Amino acid sequence: MKTVLLIGLGRFGQHVAQKLNDLGQQVMAVDSDEERVDAVLPYVTNAQIGDSTSREFLSSLGVDNFDTCIVAIGDNFQSSLETADLLKELGARKVIARASRGVQEKFLLRCGADEVVYPEKQLAAWTAIRCTSDHILDYIELDGDYSIFELSVPEEWQGKTVIQLDLRRKYGINILGLRQSGRLDMSVGPDTVLDGAASILILGQQKEIQKCLRI
């Protein structure tokens with residue numbers, strides 16, 4: 001179980017709080033707006049109303065005791081920068097900050113953020129990839145070249161075994177697992193038959209996956 005300090009409870013911050021709660025993590029939530037703090041109370045371990053650009057306030061939270069500090073402030077970039085900088089000065093172990101534009105990402109990294117998330121950019125990439133093929137259900141980029149895709153099984157693959165498709169030799173693509181009726185089965189072997197009712201998880205270079213799916 002991780003301990004997380006979540007600063008900024010707009011729509012993005014609230015979604016983060018809910019997901020962390022689903023994952024069973026301990027979350028301290030902070031925002032200067034009382035209504036936003038009240039909205040996340042069902043999902044967090046503790047919550048505080050306060051100004052995250054105040055050294056005295058942040059120091060009172062004991063930021064060095066948290067495994068991760070997330071700066072989810074989206075409506076005031078100056079506050080986001082100051083908060084990230086103060087967190088590092090106060091000994092935060094890891095700071096993840098949200099950016100709304102590319103230039104913000106650069107400044108946040110310079111001000112002490114260890115990682116920067118750029119939700120709009122990441123969602124745009126997901127949407128673009130998703131709409132390039134009717135078979136793509138989900139997509140996770142691992143780095144600039146490799147990604148994991150979840151696909152509905154193309155008609156021409158249905159009823160064939162993994163070895164018959166021979167995707168690894170032809171395209172360098174690995175089939176990681178099958179999802180059927182909401183359950184994920186990772187015990188895929190050469191003789192596994194692909195069912196049209198299932199979806200498959202594949203790992204490979206994006207350009208090879210696009211070639212394989214004729215995108």
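**Ser 199 and its surroundings**

Tutor: Leaving aside neighbours within four places in sequence, Ser 199 is in contact with Leu 137, Glu 150, Leu 151, Ser 152, Gly 177, Leu 178 and Arg 179; contact means heavy atoms within 4.5 Å. Before we go on, this is a predicted model, where local features need pLDDT of at least 70, side-chain atom pairs count only at pLDDT 80 or more, and totals for chains, interfaces and linings use all residues. Residues are numbered from 1 along each chain as its sequence is written, and side-chain values use heavy atoms, with hydrogens and water left out.

Student: Is Ser 199 buried or exposed?
Tutor: The words go by relative accessible area: buried is under 20%, exposed is over 50%, and partly exposed is in between (1.4 Å probe, protein chains only). Ser 199 has 7% relative accessibility, so Ser 199 counts as buried. You'll find Ser 199 in strand 11 (residues 199-205); strands (E, at least two residues) and helices (H or I, at least four) are DSSP runs, numbered from the N terminus.

Student: Which side chain makes a polar contact with the side chain of Ser 199?
Tutor: A polar contact is a pair of N or O atoms within 3.5 Å; within protein, one must be able to donate a hydrogen and the other to accept it, and residues adjacent in sequence count only if both atoms are side-chain atoms. Here the partner is the side chain of Glu 150, at 2.7 Å.

Student: How do I read the sheet?
Tutor: Strands of a sheet pair through backbone hydrogen bonds, either parallel or antiparallel. Two strands count as paired if DSSP finds at least two bridges between them. In this model, 6 strands form an open sheet with parallel pairing, in the order 3-2-1-4-5-6. Strand 3 (46-49) and strand 6 (115-117) are the edge strands, each pairing on one side only.

Student: What about strand 1?
Tutor: Strand 1 (residues 3-7) runs parallel to strand 2 (residues 26-31), joined by 5 bridges. Leu 6 has Ala 29 in strand 2 as its bridge partner.

Student: Which residues of helix 4 are buried?
Tutor: An α-helix has 3.6 residues a turn, so residues three or four places apart point the same way. In helix 4, the buried ones are Ser 79, Ser 80, Leu 81, Thr 83, Ala 84, Leu 86 and Leu 87. Their cover includes strand 1, helix 3 (55-60), strand 4, strand 5 and helix 5 (102-110).

Student: And what sits at the ends of helix 4?
Tutor: Asn 76 caps the N-terminal end, with a side-chain oxygen 3.3 Å from the backbone nitrogen of Gln 78. After helix 4 comes Gly 91, with a positive phi near 95°.

Student: Where is a positive phi found in a residue other than glycine?
Tutor: One case is Ser 181, with phi near 55°. Ser 181 is in the loop between strand 9 (174-180) and strand 10 (183-185), and counts as exposed because its relative accessibility is 75%.
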